[in-house]
Amino acid sequence: MGQRPPLIINRLDADRLQRLIDAATEKDQMVSELLQDELSRGEVVDPEEIPDNVVSMNSQIQFTDLTRNQQMIRTLVYPHSLGNTQDAISIMAPIGASLLGLKVGDTIDWPLPNQQTTRLRVDAILWQPEREKQYHR
């Protein structure tokens, strides 16, 4: 895998994600290990300090899977919120985990469970809680 872009992560998201990682089942082990690596290398800041061009939890993101040349719009959610959001993608899904903390324009190579790798690019953040001053969402 190539060099990964720098990350900025909301402190509240980081705390919640650490609890998810600590409670991960064997099925989620690969994603939880990747998320742990991302949390370790990311710059963790207070919610009020998150730039409006950074993917945070509950952000609605437009991104392109460059491997398949397919553009998507998804809202990055915690697993318990999957049924409450129409275009949801879980942070515990490989693609969901790859998006956290990226900025608009960033590209990342990310491993998939089938021994494949995908390349994703963040095209736009259509909605972000921090931008709307919803710091504790």
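This is a predicted model: local features need pLDDT of at least 70, side-chain atom pairs count only at pLDDT 80 or more; totals for chains, interfaces and linings use all residues.
Visitor: What makes the contact between Glu-38 and Arg-4 a salt bridge?

Guide: The cut-off is 4 Å between a side-chain nitrogen of Lys or Arg and a carboxyl oxygen of Asp or Glu. For Glu-38 and Arg-4 the N to O distance is 2.9 Å, so the pair qualifies under that limit. Glu-38 belongs to helix α2 (residues 29–41) and Arg-4 to the segment before β1 (8–10), so the bridge ties together parts that are 34 residues apart in sequence.

Visitor: Which residues are linked with Arg-4 in a network?

Guide: Glu-38 and Arg-41 join Arg-4 in a network of salt bridges. By this rule the model has seven salt bridges.

Visitor: Why are Glu-38 and Arg-4 called buried?

Guide: Buried means under 20% relative accessible area. Glu-38 has 2% relative accessibility, so the label applies. Arg-4, at 18%, also counts as buried.

Visitor: How do you know that Arg-11 and Asp-46 form a salt bridge?

Guide: Their closest N and O atoms are 2.9 Å apart, and the limit is 4 Å, so the pair counts. Arg-11 sits in helix α1 (residues 11–22), while Asp-46 is in the loop between β2 (43–45) and β3 (60–65), so parts 35 residues apart in sequence are tied together.

Visitor: What makes Arg-11 and Asp-46 partly exposed?

Guide: That label covers values between the 20% limit for buried and the 50% limit for exposed. Arg-11 is at 38% relative accessibility, so it is partly exposed. Asp-46, at 31%, is partly exposed too.

Visitor: What makes β5 and β6 edge strands?

Guide: Five strands form an open sheet in the order β5-β4-β3-β7-β6, with mixed pairing. β5 (88–90) and β6 (107–111) are the edge strands, each pairing on one side only. From one strand to the next, the twist averages 45°.

Visitor: How do you know that β6 and β7 pair?

Guide: Pairing needs at least two bridges between the strands. β6 and β7 (residues 117–127) have five bridges, in the antiparallel sense, so they count as paired. Thr-107 stands opposite Arg-121 in β7. The hairpin of β6 and β7 has five residues between the strands, and there Gln-115 takes a positive phi near 70°.

Visitor: Which residues touch the most other members of the largest nonpolar core?

Guide: They are Leu-35, Leu-76, Ile-91 and Leu-100, out of 30 residues in that core. α1, α2, β3, β4 (70–77), α3 (94–99), β6 and β7 each supply at least two residues. The largest share, four residues, comes from α2. In soluble globular proteins, nonpolar side chains tend to be buried together.

Visitor: Which residues is Leu-35 in contact with, leaving aside neighbours within four places in sequence?

Guide: Leu-35 is in contact with Ile-21, Ile-91, Met-92, Ala-97 and Leu-100.

Visitor: Why is Asp-52 called partly exposed?

Guide: Asp-52 has a relative accessible area of 47%, and exposed would need over 50%, so the label is partly exposed. Asp-52 has its place in the loop between β2 and β3. Not counting residues up to four places away in sequence, Asp-52 touches Ile-125, Gln-128 and Arg-131. The C-alpha atoms of Asp-52 and Gln-128 are separated by 7.1 Å, with the two residues 76 apart along the chain.

Visitor: What does the UniProt record list for residues 5–45?

Guide: The unreviewed UniProt entry gives "domain: Regulator of nucleoside diphosphate kinase N-terminal" for that span. Residues 5–45 are 61% helix and 15% strand, with the end C-alpha atoms 17 Å apart. For residues 51–123, UniProt lists "domain: Transcription elongation factor GreA/GreB C-terminal", again from an unreviewed entry. Residues 51–123 are 8% helix and 40% strand, and their end C-alpha atoms lie 15 Å apart.

Terms used: Residues are numbered from 1 along each chain as its sequence is written. Side-chain values use heavy atoms; hydrogens and water are left out. Buried means under 20% relative accessible area, exposed over 50%, partly exposed in between (1.4 Å probe, protein chains only). UniProt positions are given in the numbering used here, feature names are shortened, and annotations may be inferred rather than shown by experiment. Axes are lines fitted to C-alpha atoms, for helices over the stretch in contact, and angles run from 0 to 180 degrees between N-to-C directions. A nonpolar core is a set of buried Ala, Val, Leu, Ile, Met, Phe, Trp, Tyr and Cys residues joined through side-chain atoms within 4.5 Å. Contact means heavy atoms within 4.5 Å.
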